[in-house]
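Hello,

Please open it first and then read on.

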Amino acid sequence: MIHLTDITKRFGEGPDSISAVDNVTLEIADGEIFGIIGYSGAGKSTLIRLLNGLEMPTSGHVTIGGRKISAIKGKELREARQKVSMIFQHFNLLWSRTVKENIMFPLEIAGVRKADRERKAAELIDLVGLSGRENAYPSELSGGQKQRVGIARALANDPEVLLCDEATSALDPETTDSILNLLTEINERLGLTIVLITHEMHVIRKICHRVAVMEAGKVVEIGDVLKVFQEPQESITKRFVSQITEPVEAKQAIEHLKEEIPSGTLIKLVFVGERTEQPVLASLIREFTIDVNIVQGNITHTHGGAYGTLILQLVGDAEVIGKAIQYLNEKDVRTEVISNV
Ligand SMILES: Nc1ncnc2c1ncn2[C@@H]1O[C@H](COP(=O)(O)OP(=O)(O)OP(=O)(O)O)[C@@H](O)[C@H]1O
C-alpha cells in the first residue's frame with residue numbers, strides 16, 4: 001500500500017547540502033505495523049514527513065494506496081493527507097479546547113455536520129478509553145491520556161495510515177506500554193496501517209511486524225522483527241538489539257567475571273521458539289567436565305514469536321570447551337563467542 005521508490009531528500013544547495021534521506025526504496029503492506037529505528041539525525045523524521053506530503057522528495061516518488069503523494073498538489077493533496085494521520089511526541093493538542101473539542105477539530109475542518117462530529121467523537125473517546133474525561137482540558141490530563149486524545153483525533157477522519165513520530169518517547173515505561181497496546185488494538189480492530197519512528201528497540205519489539213534500521217539517511221537493514229532480533233547483520237542493528245537482550249547489568253556482570261575469573265570462554269546462546277523450553281543447559285553440564293557460570297538470561301517476546309538469550313562463562317580445558325560449543329550447535333542452539341581468554 002505504501003511504496004517509496006528511490007527517495008532522496010536533500011536540504012540546502014551545493015557542497016553544504018545534506019541528504020537527510022538517501023536513495024531509500026521500501027514497501028509497507030496494508031495493515032502492517034512498520035517501525036523505523038535510528039539514532040538522532042538518521043533521517044527518520046524527514047522520511048515520515050515525506051509520507052504525509054509535509055516534505056516533497058528531491059527525487060524519487062511516494063505512493064500511498066495508489067495515489068502518488070509526491071506528484072499531487074492543492075485540493076488533491078489535502079484530500080490524500082486526510083487518509084494519512086499523525087501523532088506526535090508532544091501530543092500537539094489545542095490547550096484551550098476540551099478532549100471532545102480536540103477530537104472534533106479535524107472533523108470541523110473537513111466540514112462534517114455537528115451531530116456527526118459529536119457521534120464520531122463519542123465513539124473515539126470510548127475506543128481510546130477516555131470515557132468520563134470528554135470535558136477535561138489537556139492540562140488536566142496525564143501524558144498517557146493526552147496521547148490517547150492525540151490518537152482519537154488522528155482517527156477522526158477514518159485514515160488508512162497512522163504515522164507515529166516518537167509517540168511514546170515522552171512517556172514513562174508503563175504508560176508507553178499502555179499506549180503501544182492501544183495502537184496494537186487499533187491496528188487489529190480497524191486494519192489500520194501504522195508506521196512509527198523511534199530510537200527505542202522496546203517499541204519495535206513490542207508491536208512492530210517489520211523494522212527498517214536507518215543510518216545517515218539510508219535504510220541499512222530491514223526485515224521481520226523476530227529475524228532481526230535473532231540475526232542482526234549490521235553493527236548499528238546489533239547495538240539496538242543489545243538495548244534489550246544485554247542490559248547494562250549484564251555488561252557489568254561480564255566485566256566483573258572477566259576480572260574475577262580471567263580464564264574461560266564467554267559465550268552467548270540464542271534459542272528460538274520451542275528450543276527456549278529445552279533443558280539444553282542441564283545436558284551440557286552432564287556431558288562435559290567444565291564449570292558453567294550463568295551471567296545473564298533473557299527471553300524476548302516479539303510479534304513474530306519468542307526467543308531467548310543466555311550468556312555463559314565456560315571454564316575448563318580448551319578442547320572440552322570447544323566440544324561443548326559444538327554440542328550446543330548440534331542441538332540447534334546458535335552460539336557466539338563473546339570473549340576467549
Ligand atoms: N528543514 C531542514 N533543513 C535543513 N536540514 C534539515 C532539515 N530537516 C532535517 N535536516 C537535517 O537532516 C538530517 C536528518 O534529520 P531528521 O530530523 O530527519 O533525523 P531524525 O532521525 O528524525 O533525528 P531526530 O530524532 O533527532 O529528529 C539531520 O542532519 C538534520 O539536521
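Predicted model: local features only at pLDDT ≥ 70, side-chain atom pairs only at ≥ 80, totals over all residues.

Residues are numbered from 1 along each chain as its sequence is written.

Strand 5 pairs with strand 4 (residues 59-64) in the antiparallel sense, over two bridges. Here, helices (H or I, at least four residues) and strands (E, at least two) are DSSP runs, numbered from the N terminus, and two strands pair if DSSP finds at least two bridges between them. Both strands belong to an open sheet of four strands, with the order 2-1-4-5 and antiparallel pairing. Its edge strands, each pairing on one side only, are strand 2 (18-28) and strand 5 (67-68).

Now to the chain as a whole. An automatic or database domain assignment sets the domain bounds, and the protein chain is divided into domain 1 (2-243) and domain 2 (246-340). Their C-alpha centres lie 38 Å apart. Ten residues from domain 1 and nine residues from domain 2 make the contact, counted where C-beta atoms, placed from the backbone, lie within 7 Å. On the domain 1 side, helix 7 (201-207) and helix 8 (225-230) are the elements giving two or more residues, and helix 8 gives the most, with four residues.

Enjoy exploring it!

How values were computed. Contact = placed C-beta atoms within 7 Å.
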